[in-house]
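Please look over the model below before reading on. The report goes from the whole chain to single residues.

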Amino acid sequence: MTSLIDVIFLLLLFFMLTSTFSKFAEVELAAGGSGSAAAPTSPPVFLQLAPSDLRVNGTAATLETLQATPIAELSEKTALIVSLAEAVDAQRLTDLLVSLRAFPLLSVTVLGG
């Protein structure tokens, strides 16, 4: 019986040391800071995120078709305000934030309660 416990302990140790832990995705979040003195020259873009659909300034879109929305036509730093529907889960928000990485001129603000 003692040797069986030793074998189980060695197997447990082996599997613990050989397993890998990987990060699926990293999303950089910035805490709110002080306001800037200069007002933005372009109007903000409003994005509504729901569990099944997505609207950019009232126009229906998907995460895959964000390149064809007004976001892709930005030429200067612009604020993007993201409004979350009640049933939006964290994975859906993370997918959106990862998709928005393709637009470096956006300053993303997520509204939530």
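## Overall layout

The protein chain contains two helices and five strands, where helices (H or I, at least four residues) and strands (E, at least two) are DSSP runs, numbered from the N terminus. Along the sequence, their order is α-β-β-β-β-α-β. This is a predicted model, in which local features need pLDDT of at least 70 and side-chain atom pairs count only at pLDDT 80 or more, while totals for chains, interfaces and linings use all residues. Residues are numbered from 1 along each chain as its sequence is written, and side-chain values use heavy atoms, with hydrogens and water left out.

Of the 113 residues of the protein chain, 20% are buried. Here buried means under 20% relative accessible area, exposed means over 50%, and partly exposed is in between (1.4 Å probe, protein chains only). The chain exposes about 8,600 Å², and carbon and sulfur atoms supply 62% of this area. Accessible areas come from the Shrake-Rupley method with a 1.4 Å probe; for residues, only the protein chains shown count as cover. Among contacts between residues at least 6 apart in sequence, 74% join residues at least 24 apart; contact means heavy atoms within 4.5 Å.

Helix 1 has 17 residues and reaches 25 Å from its first C-alpha to its last, close to the 24 Å expected at 1.5 Å a residue. The expected span is 1.5 Å times one less than the number of residues. The number of buried residues in helix 1 is zero, so the helix lies largely in the open.

Phe15 is located in helix 1 (residues 2-18). Together, Val7, Leu11, Phe14 and Phe15 make a nonpolar surface patch of about 410 Å². Patches are made of residues with over 30% relative accessible area and no salt bridge; like charges are joined within 9 Å, and nonpolar side chains (Val, Leu, Ile, Met, Phe, Trp, Tyr) within 5 Å. A salt bridge is a side-chain nitrogen of Lys or Arg within 4 Å of a carboxyl oxygen of Asp or Glu.

The count of aromatic pairs comes to one. Phe14 and Phe15 form this pair, which is edge-to-face, with 5.3 Å centre to centre and 70° between the planes. Rings of Phe, Tyr and Trp (its six-membered ring) pair if their centres lie within 6.5 Å; planes under 30 degrees apart count as stacked, over 60 as edge-to-face and the rest as tilted.

## Residues in the strands and a loop

Thr78 belongs to strand 4 (residues 78-84). Leaving out residues up to four places away in sequence, Thr78 touches Ser42, Pro43, Pro44, Val45, Leu105, Leu106 and Ser107.

Val108 sits in strand 5 (residues 106-111). Apart from neighbours within four places in sequence, Val108 contacts Leu80, Val82, Leu97 and Leu100. Val108 and Pro44 are 64 residues apart in sequence, and their C-alpha atoms are 9.9 Å apart in space.

Asn57 lies in the loop between strand 2 (54-56) and strand 3 (59-61). Although Asn57 is not a glycine, its phi is positive, at about 50°.

The table lists accessibility for the residues discussed above.

| Residue | Relative accessible area and class |
|---|---|
| Phe14 | 48%, partly exposed |
| Phe15 | 53%, exposed |
| Asn57 | 42%, partly exposed |
| Thr78 | 3%, buried |
| Val108 | 35%, partly exposed |
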